[in-house]
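The following note sets out several points for a colleague who is examining this model.

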Amino acid sequence: MFLETKALTKQFGGLIAVNDVSFSLEKGKINAIIGPNGAGKSTFFNLVSGSHSPTSGQVIFKDQNITKLPPNKIAELGIARTFQTTNLFEQSTVLDNVIVGHRLRTNSTLLDAVLRTKRFKREESKCKEKAIEVLDFVGLTAVSDQLASNITQEEKKRVAFALALATDPEVVFLDEPAAGINPDETEGLAELMKKMVDRGITVCLIEHKMQMIMKLADKIMVLNYGEKIAEGTPEEIMNNQMVIEAYLGGSASA
């Protein structure tokens, strides 16, 4: 199995945010997680990426139990994620922002950086090459030298994609990548996700834009009040009565 959760549960005091969720990602596909606000979607991402530790259950990646690993170790294994809010170094260039993403693949120490050793300079050069490569991939070469504070919201979304890609991931978790952008921009990000899959990267996203999800996803899991209520293809999800009642409201094209 590529990546799966087994009976994953997270309790915050008296609130059970994620309740006994078992789910497996389809490798080399676009997987989606949908559900109403407060359904536990972002908490589920946080558990998989190591931002939160589960109350119980397991996260298995390529036959390795990664449940208790910190986020940096999980990222080193090949799992990257973006967040609902894109937090960039606003007064740094787009290129410098993305260079940071590849540093987890380097071995330089703080002393290397202070002394600017040959290893540090060699690895910094590699980080810059990687950043240039992924910025070209996401379509941001033209703004690479601009300050992050001066680019559009849609371009910031693409920078978040580039940051994730700079870590050389096998799977990328995208938390509401199309939030706050218009339909044309949404379509552009959907095409970028397809390009990522063509490159061999598995994608899993949280998204509220149902039209986008139903056209894009190969597999969908639906959460409601922290519990998995459905899993399947877009067609199966659209015709699932529990999903319609809990979330879609009878309008899967909205």
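1. Of the contacts in the chain with a separation of 6 or more, 68% are accounted for by residues 24 or more positions apart; contact means heavy atoms within 4.5 Å. The model is predicted, so to speak of local features requires pLDDT of at least 70, side-chain atom pairs count only at pLDDT 80 or more, and totals for chains, interfaces and linings use all residues. Residues are numbered from 1 along each chain as its sequence is written, and side-chain values use heavy atoms, with hydrogens and water left out.

2. The secondary structure of the chain comprises 10 helices and 10 strands; helices (H or I, at least four residues) and strands (E, at least two) are DSSP runs, numbered from the N terminus. The chain has a radius of gyration of 19 Å, close to the 18 Å given by the globule rule for 254 residues, so it is as compact as a globular protein of that length. This radius is taken over C-alpha atoms, and the rule is 2.2 Å times the number of residues to the power 0.38. The C-alpha trace spans about 60 × 40 × 30 Å along its principal axes.

3. Buried residues make up 50% of the 254 in the chain, where buried means under 20% relative accessible area, exposed over 50%, and partly exposed in between (1.4 Å probe, protein chains only). The accessible surface of the chain is about 12000 Å², and 49% of this belongs to carbon and sulfur atoms. Areas come from the Shrake-Rupley method with a 1.4 Å probe; for residues, only the protein chains shown count as cover.

4. The chain is divided into domain 1 (1–78 + 169–253) and domain 2 (89–166), with bounds from an automatic or database domain assignment. The C-alpha centres of the two domains lie 27 Å apart. At their contact, 20 residues of domain 1 meet 13 residues of domain 2.

5. Two strands pair if DSSP finds at least two bridges between them. Among the bridge partners are Ile 79 with Val 171 and Leu 174 with Leu 205.

6. Strand 7, helix 7 (residues 183–198) and strand 8 form a right-handed β-α-β unit. A crossover is right-handed if, with the strands pointing away from the viewer, the path from the first strand over the helix to the second runs clockwise.

7. Helix 1 (residues 41–49) has 8 of its 9 residues buried, so it is largely enclosed by the rest of the structure. Its buried residues include Lys 41, Phe 44, Phe 45 and Leu 47.

8. Which backbone value of Ala 7 is positive in a residue other than glycine? Phi of Ala 7 is near 50°; this residue lies in strand 1 (residues 3–12) and is partly exposed at 27% relative accessibility. Lys 62 likewise has a positive phi near 50°. Lys 62 lies in the loop between strand 4 (56–61) and strand 5 (64–65) and is partly exposed, at 41% relative accessible area. Most residues other than glycine have a negative phi.
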